[in-house]
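Thanks for coming, everyone. I have one structure to show you today. Let me put it on the screen.

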Amino acid sequence: SHTACVKTDNTLWTWGNGASGRLGHNNIISRSSPVQVGALTNWAQGSAAVGGLHTACVKTDGTLFTWGDNGSGQLGDGTVVNKSSPVQVGALTNWAQVAAGKNFTACVKTDGTLWTWGSGADGRLGHNNIINRSSPVQVGALTNWAQVATGNDHTACVKTDGTLFTWGDNINFGQLGDGTKIRRSSPVQIGALTNWAQVAADSHTACVKTDNTLWTWGNG
């Protein structure tokens with residue numbers, strides 16, 4: 001119920017529901033038009049939580065910042081305290097692409113590793129359990145993750161080899177796309193194709209292939 005957008009001048013703007021400080025303006029005021037977050041001009045890519053109350057953004061220097069609701073540790077700062085303005089997650093400078101889901105966060109690093117944290121319900125973090133994490137934890141040991149998307153209760157990720165993997169909740173809608181309605185707590189490959197390019201998730205999943213066709217599945 002909020003939106004975050006990075007401009008070509010690398011400024012960051014948010015609007016919508018301000019509850020829990022998710023807009024990053026150091027307050028909980030809702031905005032019906034874009035308002036700049038601070039004055040910095042080094043934001044690279046942001047994500048407003050799907051079905052959730054927090055925001056995450058990567059800067060051009062590879063640092064990662066989060067803010068908003070933190071009840072499940074989804075901000076990744078080692079606490080469960082809400083933040084109404086951007087807070088840096090650790091001191092690393094190799095974060096590449098972030099996705100914010102419902103009470104959890106996932107991020108791919110420049111080294112191709114995948115990290116998740118926050119609510120572990122339904123196995124959405126991919127650690128083969130349902131444990132909450134308040135700081136980033138690596139998903140397996142692979143170094144070929146390319147782009148990650150987070151939904152309400154599941155995660156999807158494309159690898160550099162064009163394969164697609166999903167995990168998390170799958171009971172009601174089949175949003176994992178593996179032909180079942182079974183929850184998965186660790187990454188499961190969707191078919192054997194190697195031409196998946198870019199994925200997005202909510203209570204359904206959508207993915208573009210390298211041939212520019214579009215495929216969807218889950219909640220209709």
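**Loops, rings and a pocket**

Start with S20: its relative accessibility is 22%, so S20 counts as partly exposed. The cut-offs are these: buried is under 20% relative accessible area, exposed is over 50%, and partly exposed is in between, with a 1.4 Å probe and protein chains only. S20 sits in the loop between β2 and β3 (31–36). S20 is not a glycine, yet its phi is positive, about 65 degrees.

N10 also has a positive phi of about 65 degrees and is not a glycine. N10 belongs to the loop between β1 (2–6) and β2. At 26% relative accessibility, N10 is partly exposed.

Some ground rules. This is a predicted model, where local features need pLDDT of at least 70, side-chain atom pairs count only at pLDDT 80 or more, and totals for chains, interfaces and linings use all residues. Residues are numbered from 1 along each chain as its sequence is written, and side-chain values use heavy atoms, with hydrogens and water left out.

Now the whole chain. It has 18 strands and zero helices. Both are DSSP runs numbered from the N terminus: helices are H or I with at least four residues, strands are E with at least two. Buried residues make up 47% of the 220 residues. The C-alpha atoms fill a box of roughly 45 × 35 × 30 Å along the principal axes.

Next, the rings. How many aromatic pairs are there? Eight. Rings of Phe, Tyr and Trp (its six-membered ring) pair if their centres lie within 6.5 Å; planes under 30 degrees apart are stacked, over 60 edge-to-face, and the rest tilted.

Take W95 and W115. Their ring centres are 6.4 Å apart and their planes are at 80 degrees, so this pair is edge-to-face. W95 is in strand β8 (residues 95–101) and W115 in strand β10 (residues 114–118), so the pair ties together parts 20 residues apart in sequence. W95 is buried at 4% relative accessibility. W115 is buried too, at 18%.

W95 also pairs edge-to-face with W117, at 5.9 Å centre to centre and 65 degrees between the planes. W117 is in strand β10, so this pair with W95 of β8 links parts 22 residues apart in sequence. W117 is buried, with a relative accessible area of 0%.

Elsewhere, W43, F65 and W67 form one aromatic cluster.

Two lysines sit over rings. A charge counts if NZ of Lys or CZ of Arg is within 6 Å of the ring centre and within 35 degrees of the ring normal. K159 lies over the face of W145, 4.8 Å from the ring centre. The charged end of K209 is over the ring of W196, 4.8 Å from its centre.

Last, the largest pocket. Which residues lie nearest its centre? A149, T150, V199, A200 and A201, out of 18 lining residues. Elements giving two or more residues to the lining are β4 (43–48), β8, β12 (145–150), β16 (196–201) and β17 (204–209). A pocket, on a 1 Å grid over the protein atoms alone, is an open set of points where a 1.4 Å probe fits, with protein on both sides within 12 Å along at least five of seven lines; lining residues have an atom within 4 Å of a point.
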